[in-house]
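Student: I have not seen this structure before. Can we go through it step by step?

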Amino acid sequence: EDFSGKKAFASGWGRTNLYDVKNKGSHILQSSDNFKIDSKSKCKAFTREMLMDSEAQISKNKKYKDIFKSTICTTSSNKSVEVLVGEGDSGGPLVHFDEETSEPILIGVVSYARPVKGRSSRAPGSFVDYFQSVAYYRNWIDTVLVALRLTK
């Protein structure tokens, strides 16, 4: 399913202040439903800027193509508040709540956040959050789960 444009929820125990390097993380689980899932093309554009690579280089390099297949990008859905994943949040969930059933759907796993080139580092929308897609890795996840059950 394509979740582009939809809102999502993320949580973690990572740093609560990006600019405070002494901040080792939160003792209280932090969460926000302020993430908007970007389209693959927008994610690709952000990533190209971050890597400072041209479209031609990205098209030729297989590792970049795989990045776009397995990655979900989000930006803050609130124009007045910057919300992003931080150090220590890696591995945490990105969840979308189904509009009809309100059931939570685990769609991603926190990977990292990067600034958007040319934007003020403290302005809303100045960071892109990167998550690994659960759907992309689903076959591998299922294979590992089956293997673990067989070895116990």
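Student: Which residue does A10 stand opposite in strand 4?

Tutor: Keep in mind that this is a predicted model. Strand 4 covers residues 93–97 and pairs with strand 1 in the antiparallel sense. A10 has its opposite number in strand 4, and that residue is L94.

Student: Over how many bridges do strand 1 and strand 2 pair?

Tutor: Strand 1 spans residues 7–12, and strand 2 spans residues 30–37. Within strand 2, S31 is the residue opposite S11. The two strands run antiparallel, and the number of bridges between them is five.

Student: What is the volume of the second largest pocket?

Tutor: Its lining has 19 residues; those closest to the centre are E1, F3, K40, I72 and S133. Helix 1 (40–51), strand 3 (71–76) and strand 5 (104–115) each give at least two lining residues. The volume of the second largest pocket is about 290 Å³.

Student: Why does L145 count as partly exposed?

Tutor: Look at the relative accessibility of L145, which is 37%. Buried would need under 20%, and exposed would need over 50%. L145 falls in between, so the class is partly exposed.

Conventions:
Residues are numbered from 1 along each chain as its sequence is written. This is a predicted model: local features need pLDDT of at least 70, side-chain atom pairs count only at pLDDT 80 or more; totals for chains, interfaces and linings use all residues. Side-chain values use heavy atoms; hydrogens and water are left out. Buried means under 20% relative accessible area, exposed over 50%, partly exposed in between (1.4 Å probe, protein chains only). Two strands pair if DSSP finds at least two bridges between them. Helices (H or I, at least four residues) and strands (E, at least two) are DSSP runs, numbered from the N terminus. On a 1 Å grid over the protein atoms alone, a cavity is a set of points where a 1.4 Å probe fits but cannot get out, and a pocket is an open set with protein on both sides within 12 Å along at least five of seven lines; lining residues have an atom within 4 Å of a point. Grid points are joined across faces, edges and corners, and a volume is the space filled by probe spheres set on the points.
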